[in-house]
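Below is a short briefing on one protein chain. Look at the sequence and the model first, then read the points in order.

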Amino acid sequence: MISEIVLVNASGENKPALMGMLTSTLAAYQVRILDVGQAVIHDELSLGMLIEIPDRSSTNALKEALLSHTRALGTVIRFTNVSADEYEVWVSHQGKPRYIVTMLAGGVAASQLAAVMAIVERHSLGVDGIRRLSGRLPLRGGANTRACVEISLRGDLADPRRLKAELLEAASRLTFDFSVQEDTVYRRNRRLVAFDMDSTLIKVEVIDELARVHGVGSEVAAITERAMRGEIDFKESFRRRVALLKGLSATAFEEVATAVPLTDGARRLILALKHFGYRTAIISGGFKHVGDRLQRELGIDYVHANALETRDGVVTGAVVGDIIDAERKASVLRTLCRNEGIALAQSIAVGDGANDLPMLAAAGLGVAFHAKPIVRESASHAISNFGLDSVLFLLGFTDRDIEQAETNDQSSAAKS
């Protein structure tokens, strides 16, 4: 017997009986399913099945049976014959690299998606699929409305830097965030998420807040800004700023540490990460005292930050131990991965400043969060328009997944 390969496409109202009818009919003809895919948008189904019919002489009878059944359901079905050579070419493409583009916006506009598609086509990448990660959008979205789609790509990417640069230009022009990741096994198995603290996990730079209370705000802020732009060495800038805090009361330090506000989405992100079994860490050039408070409040697993020396109830202007700078951050991340028994590629790092760049580069996924231009342009991934919980979309989680984590947390809290 000579077999025949046929692509079957069905579209129409999504009815529960359709898939059962199709598969039972195919089973009656001993069909082998080579590929299958389905999408439902607003209760409208689009289904594709690539099948091999073992006996070519039964092809017409099978088609007639499928047409008869689908006609009764109001479904449109069409058939495309595929030659053996065409099929083998299609199979040969499965070895090509795969990429994931995650696109986040206040509501995905056609102009935004068109820009991304044009860039993807210029780089000879084919679209394997698109899925929505965010919930269904209301017609009149509020200020907090966000939409996220994940685009699966396949092909040989010759110039990843150019692809990112083109997407970055489009994102800046059309106001959306994006991420491009190679779709490897590590992308689906991240295990550790490390955060910078100041202006990342919390909204403020603590040292600037302390300086304001102590009356040296402008002097410290100027040094902070230069350090974040990468214009001066972090260790030296940190020593200079801490020295300006000499004489600050420990009570004032405690009051500032207690009052620092969390970044939008931070609590939701940490809650979800804990629910899904991730380990979390603060790796910061800020103050350990603040990090320790966040650890207690959020349940973060590790805190590595600088210790500010106090004596007789006042700040001395000195730092206890080695200063955690850019290179030390990356080193701490590597150590944590070794201690956790995971590959560095399974880690995620999130930060906003130039001193975060080595850590972001070392991590399997480095995310620039509301970052300075030098960081946004250098990091592999950036979130500039939305809250910290948007990191979950980069991991492939949906709003539904996140809401499940929140529901389980509330149920656990109620039981306790």
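Which residue follows H6, and is its phi positive or negative? The residue after H6 is Gly215, and its phi is positive, near 85°. The model is a predicted one.

**The chain as a whole**
- The chain contains 16 helices and 15 strands.
- Taken along the principal axes, the box filled by its C-alpha atoms is roughly 95 × 50 × 45 Å.
- The chain has 416 residues, and 47% of them count as buried.
- Its accessible surface is about 20300 Å², and carbon and sulfur atoms account for 49% of that surface.
- Among contacts between residues at least 6 apart in sequence, 69% link residues at least 24 apart.

**Helix H6**
- Helix H6 covers residues 206-214.
- Its buried residues are Val206, Ile207, Asp208, Leu210 and Ala211.
- Gly215, with its positive phi, comes after the helix.

**How a helix pair is described**
- For two packed helices, one gives the angle between their axes and the distance between the axes.

**Helices H1 and H2**
- Helix H1 spans residues 16-28 and helix H2 spans residues 59-73.
- Their axes cross at roughly 165° and come within 10 Å.
- Angles over 145 degrees count as roughly antiparallel, so H1 is roughly antiparallel to H2.
- The crossing of H1 past H2 is right-handed.
- On the H1 side, the residues that meet H2 are Leu18, Met21, Leu22, Thr25 and Leu26.
- On the H2 side, they are Leu62, Ala65, Leu66, His69, Thr70 and Leu73.
- Sorted by class, this contact of H1 with H2 has 8 nonpolar residues, 3 polar ones and no charged ones.

**Helices H4 and H5**
- Helix H4 runs over residues 110-122, and helix H5 over residues 160-174.
- The two pack at an angle of about 165°, and their axes are 10 Å apart.
- Because of that angle, H4 is roughly antiparallel to H5.
- H4 passes H5 in a crossing that is right-handed.
- H4 contributes Ser111, Gln112, Ala115, Val116, Ile119 and Arg122 to the contact.
- H5 contributes Leu163, Glu166, Leu167, Ala170 and Leu174.
- The contact of H4 with H5 is made up of 7 nonpolar, 2 polar and 2 charged residues.

Key. Residues are numbered from 1 along each chain as its sequence is written. This is a predicted model: local features need pLDDT of at least 70, side-chain atom pairs count only at pLDDT 80 or more; totals for chains, interfaces and linings use all residues. Side-chain values use heavy atoms; hydrogens and water are left out. Axes are lines fitted to C-alpha atoms, for helices over the stretch in contact, and angles run from 0 to 180 degrees between N-to-C directions. Helices (H or I, at least four residues) and strands (E, at least two) are DSSP runs, numbered from the N terminus. Angles under 35 degrees count as roughly parallel, over 145 as roughly antiparallel, 65 to 115 as roughly perpendicular and the rest as oblique. A crossing is left-handed if the near helix is turned anticlockwise from the far one by less than a right angle, and right-handed if clockwise. Contact means heavy atoms within 4.5 Å. Ala, Val, Leu, Ile, Met, Phe, Trp, Tyr, Cys and Pro count as nonpolar, Asp, Glu, Lys and Arg as charged, and the others, Gly among them, as polar. Buried means under 20% relative accessible area, exposed over 50%, partly exposed in between (1.4 Å probe, protein chains only). Accessible areas come from the Shrake-Rupley method with a 1.4 Å probe; for residues, only the protein chains shown count as cover.
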